[in-house]
Amino acid sequence: MGMGYLILAGALMLFSWLVSSRLKSKFEHYSKLHLQNGMTGAEIAEKMLADNGIRDVRVISTPGRLTDHYNPADKTVNLSEAVYNQRNAAAAAVAAHECGHAVQHAVGYEWLTMRSKLVPVVNVASSYMQWILLAGILMIKTFPGLLLVGIIIFAATTLFSIVTLPVEYDASNRALAWLENKRMLTPQEQAGAKDSLKWAARTYVVAALGSIATLFYYISIYMGGRRD
């Protein structure tokens, strides 16, 4: 199982690198596809929020690259500086996607609600999980229960990765539907936005698969220790 996991982990790492590289190249390509409507990412976001009747969410600029996110705690759509200011298909896609999360929040989308409830658990788990798992593996013969505790904690982070998938795909679907229905983009720009979000979503798929594989690896160690 150890060798099998190493092969699987290597394959997932390679797949993750390929997806990340492809995502970067896609965003660079579509960042050169300037919008004919002349709107910035911030303006796209503000219009999508208004069209969905959302008046209590602010659109703000946040430092860094690919730091875009929606914060349900303070109801802010945080756009990276490039997305906030630029007028291209990639910026429109990201801005609309993050507003898709705001729409999910407004309508009480169940998967987003579930993910939000898992955030405090994952934050605590991330601080201690690796140490507990390491200690559990080292003490598998004398105190197998410790590894089981680590597995349960890791399972919570895996569940978070799985729950994230429908949240991200639904936000993209909402974004693309709004962009198309409101005729915000030309057909070429719409295709670019769709392609950008497709590759962004695949990064979450890779993360979920990696987490599931790692969880089963720890379970196999625990089961092997119990049999011995």
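Reader: Let us start with Asp 195. Does this residue count as buried or exposed?
Author: Asp 195 counts as buried, at 12% relative accessibility. Please note that the model is a predicted one.

Reader: Which side chain does Asp 195 meet in a salt bridge?
Author: The partner is Lys 26, and the N to O distance in this salt bridge is 2.7 Å. The two residues belong to distant parts of the chain, since Lys 26 is in helix H1 (residues 2-30) and Asp 195 is in helix H7 (residues 187-227).

Reader: How many salt bridges does the structure hold?
Author: There are eight salt bridges in the structure. One of them joins the side chains of Glu 28 and Arg 65, at 4.0 Å from N to O. Glu 28 is in helix H1, whereas Arg 65 sits in the loop between strand E1 (58-62) and strand E2 (69-71), so this bridge ties together parts that are 37 residues apart in sequence.

Reader: How exposed are Glu 28 and Arg 65?
Author: Glu 28 counts as partly exposed, with 38% relative accessibility. Arg 65 counts as exposed, at 59%.

Reader: Which residue forms a salt bridge with Lys 75?
Author: Asp 56 does, and the closest N and O atoms of the pair are 2.6 Å apart. Lys 75 lies in the loop between E2 and strand E3 (76-80), and Asp 56 lies in the loop between helix H2 (41-51) and E1, so the bridge ties together parts 19 residues apart in sequence. Lys 75 counts as partly exposed, at 31% relative accessibility. Asp 56 also counts as partly exposed, at 46%.

Reader: Which residues do salt bridges with shared partners join into one network?
Author: Lys 26, Asp 195 and Lys 198 are joined into one network in that way.

Reader: A step back, please. How many helices and strands are there?
Author: The chain has seven helices and three strands. Read from the N terminus, the order of elements is α-α-β-β-β-α-α-α-α-α. The C-alpha trace spans about 65 × 35 × 30 Å along its principal axes.

Reader: What share of the residues is buried?
Author: Of the 228 residues in the chain, 44% are buried. As for contacts between residues at least 6 apart in sequence, 72% of them join residues at least 24 apart.

Reader: What about the accessible surface of the chain?
Author: The accessible surface amounts to about 12200 Å², and 62% of this belongs to carbon and sulfur atoms. On the charge side, the chain has 21 positive and 16 negative side chains, with the centres of the two sets 6 Å apart.

Reader: Which residues form the nonpolar patch on the surface?
Author: The patch consists of Trp 131, Leu 134, Leu 138, Met 139 and Phe 143, which together have about 600 Å² of accessible area. Trp 131 is located in helix H5 (residues 110-138). With a relative accessible area of 67%, Trp 131 is exposed.

Reader: Now Val 59. Where is its place?
Author: Val 59 is in strand E1. This residue is buried, with 12% relative accessible area. Beyond neighbours within four places in sequence, Val 59 is in contact with Ala 42, Ala 45, Glu 46, Leu 49, Val 77, Leu 79 and Tyr 84.

Reader: How far apart in space are Val 59 and Asn 173?
Author: Their C-alpha atoms are 20 Å apart, and 114 residues separate them in sequence.

Reader: One last residue. What does Asp 51 touch, not counting residues up to four places away in sequence?
Author: Asp 51 touches Trp 178 and Lys 182. From C-alpha to C-alpha, Asp 51 and Trp 178 are 8.9 Å apart in space, although 127 residues apart in sequence. Asp 51 is in helix H2, and with 33% relative accessibility this residue counts as partly exposed.

Key:
Residues numbered from 1 in each chain as written. Predicted model: local features only at pLDDT ≥ 70, side-chain atom pairs only at ≥ 80, totals over all residues. Heavy atoms only, no water. Helix = DSSP H or I, 4+ residues; strand = E, 2+ residues; numbered from the N terminus. Buried < 20%, exposed > 50% of the residue type's maximum accessible area, 1.4 Å probe, protein only. Contact = heavy atoms within 4.5 Å. Areas by Shrake-Rupley, 256 points an atom, 1.4 Å probe, with all protein chains shown as cover. Lys, Arg positive; Asp, Glu negative; His and termini not counted. Charge placed at Lys NZ, Arg CZ, Asp CG, Glu CD. Patch = residues over 30% accessible without salt bridge, like charges linked within 9 Å, V, L, I, M, F, W, Y side chains within 5 Å.
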